Amino acid sequence: MDDVKIGEILLPGDEKTQEKQEEKVRSRFWPTFKKAARQIPFSRDLVAAYYCAMDRETPFRVRGILLAALGYFVLPIDVIPDVLAVVGFTDDIAVLTTAIALINRHIKERHYEAADTVLGDEELSA
């Protein structure tokens, strides 16, 4: 994926766009994450980014970038289909890595603590 395409994906959007993205992300994040968890080397950061995006204290623009990246992650149709083992999530990883790098300082310790709690949950790993 080139930087232009990633830049287009990560546009934060307006309030209405973010609300729609948040609905999609909330409903599809965990099922998609469970399928991809073994292929994503930064699962803890990804889950912390999810909690950061859902946190109303996170700045609007940061939430928008994260929701756009997480929305791309949960979309059933993207540049490289996720059903292709290993290769399928490479475009998602590129978008997520870029988003997390852009907003890293906004992911707080509480977001990582929430991620650690969820990732330690037996139900998620089953």
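Which residues do ring pairs link into a cluster? The legends below start from this point, in a predicted model.

**View 1. The aromatic cluster.** Phe29, Trp30, Phe33, Tyr50, Tyr51 and Phe73 are linked into a cluster by ring pairs. The structure as a whole holds 8 aromatic pairs. One of them is stacked: the ring centres of Phe29 and Tyr50 lie 4.4 Å apart, with the planes at 15 degrees. This pair links distant parts of the chain, with Phe29 in helix 2 and Tyr50 in helix 3, 21 residues apart. Both Phe29 and Tyr50 are buried. Phe29 also pairs with Phe73, and here the arrangement is tilted, at 6.0 Å centre to centre and 55 degrees between the planes. The partners are again distant in the chain: Phe29 belongs to helix 2 and Phe73 to helix 4, 44 residues apart. Phe29 has 0% relative accessibility and therefore counts as buried. Phe73, at 0% relative accessibility, is likewise buried.

**View 2. The largest nonpolar core.** This core has 37 residues, and Phe29, Leu46, Leu70, Phe73 and Ile107 have the most contacts inside it. At least two residues come from each of helix 1 (3-9), helix 2 (15-36), helix 3 (43-54), helix 4 (60-74), helix 5 and helix 6. The most is given by helix 4, with 9 residues. Beyond its neighbours within four places in sequence, Ile107 is in contact with Ala48, Ala49, Cys52, Ile100 and Tyr112.

**View 3. Helix 5, end to end.** Helix 5 covers residues 90-103. Its 14 residues, at 1.5 Å a residue, should span 20 Å, and the end C-alpha atoms are 20 Å apart, so the two values agree. The buried residues of this helix are Asp91, Asp92, Ile93, Val95, Leu96, Ala99, Ile100 and Ile103. In an α-helix there are 3.6 residues a turn, so residues three or four places apart point the same way.

**View 4. His111 and its surroundings.** His111 is found in helix 6. With a relative accessible area of 3%, His111 is buried. Its side chain is joined to that of Asp55 by a polar contact of 2.8 Å. Not counting residues up to four places away in sequence, His111 touches Ala48, Tyr51, Cys52, Asp55, Thr58 and His106.

**View 5. Asp116 in helix 6.** Asp116 lies in helix 6, which runs over residues 109-119. Its relative accessibility is 37%, so Asp116 counts as partly exposed. Asp116 and Asp45 are separated by 71 residues in sequence and by 9.8 Å in space, C-alpha to C-alpha.

Technical notes: Residues numbered from 1 in each chain as written. Predicted model: local features only at pLDDT ≥ 70, side-chain atom pairs only at ≥ 80, totals over all residues. Heavy atoms only, no water. Helix = DSSP H or I, 4+ residues; strand = E, 2+ residues; numbered from the N terminus. Expected span 1.5 Å × (residues − 1). Buried < 20%, exposed > 50% of the residue type's maximum accessible area, 1.4 Å probe, protein only. Polar contact = N/O pair within 3.5 Å; in protein donor to acceptor, adjacent residues only side chain to side chain. Contact = heavy atoms within 4.5 Å. Core = buried A, V, L, I, M, F, W, Y, C linked by side-chain atoms within 4.5 Å. Phe/Tyr/Trp six-rings, centres within 6.5 Å; stacked < 30°, edge-to-face > 60°.
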